[in-house]
Amino acid sequence: MKILIIEDELQITAGIKSYLKPHGVHCESVATTQAAIEKIGLYDYDCILLDLMLPDGDGFEVLKALKKCGKTEGVIIISAKENLDTRIEGFNLGADDYLTKPFHLSELLVRIQALIRRKNFKGYNMVRFNEIGVDILAKTVTVNDVPIEFTKKEIDLLLFLIGNQNKVLSKAAIAEHLSGDLADMLDNYDFIYAHIKNLKKKFHAAGGGDYIKTIYGLGYKWDDQQ
Amino acid sequence: MTSNKLLSKSSRALLLFSVILLVIAGPVVYVMTNRLYLEEVDQTLLLLKLEFEQNEGTFKSAEIPQWNKYNKNAKIYPPGDLKKDTLFSVVYFDKMEKEDEPYRELNAPVIIDGKPYIYMARINLIEKRNLALGVAILFTAVIILLLAGIFLLNKYLSQKIWKPFYDTLRQIEAFEIDKDLVPSFLPTKIEEFSRLNKSLGNLIEKNIAIYKNQREFVENAAHELQTPLALFQGRIDNLMQMQLTREQAEILEALNADVGRLNRLNKNLLLLSKIEKDHFFKTEHVSVNEHAEKILPFFKEQASGRGLSVTYRNDGILAINSNPVLVEVLLNNLFQNAIRHSAANGKIMVTIDERRVTFKNSGVSELNIERLFNRFAKVASSTKGNGLGLAIIRKITELNQWGMHYTFVDGFHIFVIDFTPGDQ
């Protein structure tokens with residue numbers, strides 16, 4: 001997977017790169033709209049992360065350039081602006097998703113994964129991990145091809161865990177992911193304990209592997225080493 | 001009716017002056033006129049005596065009875081003790097008019113035919129009384145007219161002159177620094193008012209600029225904080241991936257909680273300044289019940305984390321024309337506020353009817369609500385809230401002119417948002 005990061009804060013870019021690398025994502029980066037438009041003209045990317053506030057102009061210019069080239073890269077806007085109008089304009093110009101800074105890198109990763117899936121697997125949208133299969137569209141989970149009852153929230157949590165495999169996920173990151181728009185209204189994270197417990201129970205009952213590890217004091221991790 | 005209004009005060013002073021003047025002047029004029037007339041009369045009497053004395057040479061004693069018979073008001077009497085001219089007032093009964101009449105009388109010693117007599121002359125004063133009265137009345141009438149005229153003229157002119165002042169006053173009273181309506185004063189030729197308007201205009205302009213600067217400062221500061229906060233969060237996430245001792249993990253989790261709290265505080269600051277700035281003009285048909293029911297599951301889950309039970313009662317559909325984002329933010333913060341400020345294992349009860357939203361949650365003691373509505377004030381140090389929630393609630397209700405009431409009854413905090421406060 002190749003993505004382009006268009007962001008002028010180099011430290012943020014570095015943070016994204018190092019987080020995504022173990023997940024098979026190769027990152028290129030630029031820090032100005034000019035450089036971005038050049039790169040886009042020359043190369044194709046699976047996904048573009050676009051910051052709106054760039055030193056030499058507005059991130060929207062990049063979107064317009066993309067449209068002009070007729071390129072269909074998936075664009076995720078990452079911006080500090082929390083503005084309904086900005087969001088709408090972004091979507092109107094062809095952006096696929098919008099993440100407000102600051103965000104958890106774990107959230108960014110699953111958004112990229114979701115975007116790639118939408119782009120590449122129109123109609124067939126499946127996530128596999130060993131014996132576990134998740135049908136995104138049908139919203140079903142199978143273990144060894146045996147369907148298991150999972151609630152929407154549980155599937156969401158599962159995809160989040162698998163997407164960020166081998167990464168320690170803080171309770172905060174998990175809670176915010178599950179809460180969506182209401183993430184800012186979180187008062188406590190205790191509720192995720194129940195969801196995690198349910199996931200473990202269901203996998204155990206279905207004879208699936210024990211991939212969910214509790215990391216003391218911090219959160220959870222989907223560990224591919226059982 | 002005492003009033004401290006400008007016109008009343010000046011009018012009252014004038015009125016008082018007028019009354020005092022009348023009360024004093026009327027009688028004084030009467031008395032003065034009287035006196036003047038009396039002096040006139042005395043002069044006349046003395047003149048009469050003088051004229052008589054000039055005819056003395058040709059006057060014989062034998063003619064005296066005839067003189068007295070044909071002169072009603074001038075008589076010659078036999079001499080008495082009189083040494084000099086004496087003037088005095090006296091009352092006689094008039095046979096013709098059949099009433100008492102006042103007279104002014106002169107008794108003077110004269111020599112007729114070489115013998116002493118007393119010359120008496122008198123003048124009827126009844127005219128004097130009528131005249132004096134007439135003059136006094138006339139004078140009083142003129143004064144009354146004059147004063148009434150001045151009074152009315154004063155009132156009319158004052159209202160006209162002070163009109164621009166009252167207009168300015170009205171506009172200042174209606175002015176609110178956080179609304180976009182800037183006063184525009186009526187042009188006036190009166191120098192003092194012109195100066196006043198100019199100064200006020202400058203003052204308002206300057207203060208609006210300061211206010212906007214302050215708001216922008218907060219907003220800019222919050223925006224500036226976003227990047228370092230994002231980096232902070234990112235590094236903590238990175239640190240989490242490393243091999244840590246239990247102790248290190250605990251500290252890291254605490255750090256994570258702290259930066260999360262900073263993030264939320266920052267976001268709330270941005271939200272608050274956005275609400276103040278943007279006003280959120282776009283309105284549409286909004287069902288408050290729908291929004292509440294949408295977010296209910298999330299908050300129920302949150303509440304159970306604290307052992308709180310949440311019950312929701314739909315007593316009627318509350319449909320309004322408003323900005324849906326503001327309604328959502330309002331409800332979010334009302335819920336969060338209820339959860340945060342509830343006593344442990346307490347109850348939260350949400351009720352919506354056609355006019356109101358009521359949030360009731362268990363509490364220990366009455367909140368100092370005014371203090372709480374100021375940004376950053378907190379209930380107790382144990383709450384993890386950042387205090388902006390209530391400020392946001394208040395700002396939104398103010399913007400939409402919704403009513404908000406807080407009471408503490410039977411161990412419950414009760415927040416009521418009234419969406420139709422205008423019509424009772």
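Helices (H or I, at least four residues) and strands (E, at least two) are DSSP runs, numbered from the N terminus. With that convention in hand, select A:Asp187, which sits in the loop of chain A between α7 (171-179) and α8 (191-206).

Some ground rules apply to every stop that follows. This is a predicted model, in which local features need pLDDT of at least 70 and side-chain atom pairs count only at pLDDT 80 or more, while totals for chains, interfaces and linings use all residues. Residues are numbered from 1 along each chain as its sequence is written, chains are lettered from A and ligands numbered from 1 in the order in which they are written, and side-chain values use heavy atoms, with hydrogens and water left out.

**Stop 1**

Is A:Asp187 buried or exposed? At 8% relative accessibility it counts as buried, where buried means under 20% relative accessible area, exposed over 50%, and partly exposed in between (1.4 Å probe, protein chains only).

**Stop 2: the interface as a whole**

Select the residues of each chain that touch the other, with contact meaning heavy atoms within 4.5 Å; chain B gives 37 residues and chain A gives 36 residues. The size of an interface is often given as the accessible area lost when the parts come together. Here the area buried between chain B and chain A is about 3400 Å², of which carbon and sulfur atoms give 52%; buried area is the accessible area (1.4 Å probe) that two parts lose on being put together, summed over both.

Between chain B and chain A there are 13 residue pairs in polar contact, both residues being at pLDDT 80 or more. To colour the chain B side by element, pick α4 (191-240), α5 (246-278), α6 (288-305) and α7 (324-340) of chain B, the elements that give two or more residues to the side touching chain A. By class, that side has 12 nonpolar, 12 polar and 13 charged residues, with Ala, Val, Leu, Ile, Met, Phe, Trp, Tyr, Cys and Pro counted as nonpolar, Asp, Glu, Lys and Arg as charged, and the others, Gly among them, as polar.

The count of salt bridges between chain B and chain A is four, a salt bridge being a side-chain nitrogen of Lys or Arg within 4 Å of a carboxyl oxygen of Asp or Glu. Zoom to A:Asp184 and B:Lys267, which form a salt bridge with the closest N and O atoms 3.5 Å apart.

**Stop 3: salt bridges within the chains**

Over all chains, the count comes to 19 salt bridges. In chain A, select A:Lys39 and A:Glu28, a salt bridge whose closest N and O atoms are 2.6 Å apart. A:Lys39 lies in helix α2 (residues 33-42) and A:Glu28 in strand β2 (residues 26-30), so the pair ties together parts that are 11 residues apart in sequence. A:Lys39 is partly exposed, at 21% relative accessible area, and A:Glu28 also counts as partly exposed, at 23%.

In chain B, move to B:Glu328 and B:Lys294, where the closest N and O atoms of the salt bridge are 3.6 Å apart. This pair links distant parts of the chain, with B:Glu328 in helix α7 and B:Lys294 in helix α6, 34 residues apart. B:Glu328 is partly exposed at 28% relative accessibility, whereas B:Lys294 is exposed at 54%.

**Stop 4: the nonpolar cores**

Which residues have the most contacts inside the largest nonpolar core? They are A:Leu49 and A:Trp222, in a core of 102 residues, a nonpolar core being a set of buried Ala, Val, Leu, Ile, Met, Phe, Trp, Tyr and Cys residues joined through side-chain atoms within 4.5 Å. The largest share of this core, nine residues, comes from α7(B). Centre on A:Trp222 and, leaving aside neighbours within four places in sequence, look for its contacts, among them A:Phe129, A:Leu158, A:Phe203 and A:Tyr211. A second, separate core of 19 residues includes A:Val30, A:Ile40, A:Tyr45 and A:Ala95.

Conventions
Polar contact = N/O pair within 3.5 Å; in protein donor to acceptor, adjacent residues only side chain to side chain.
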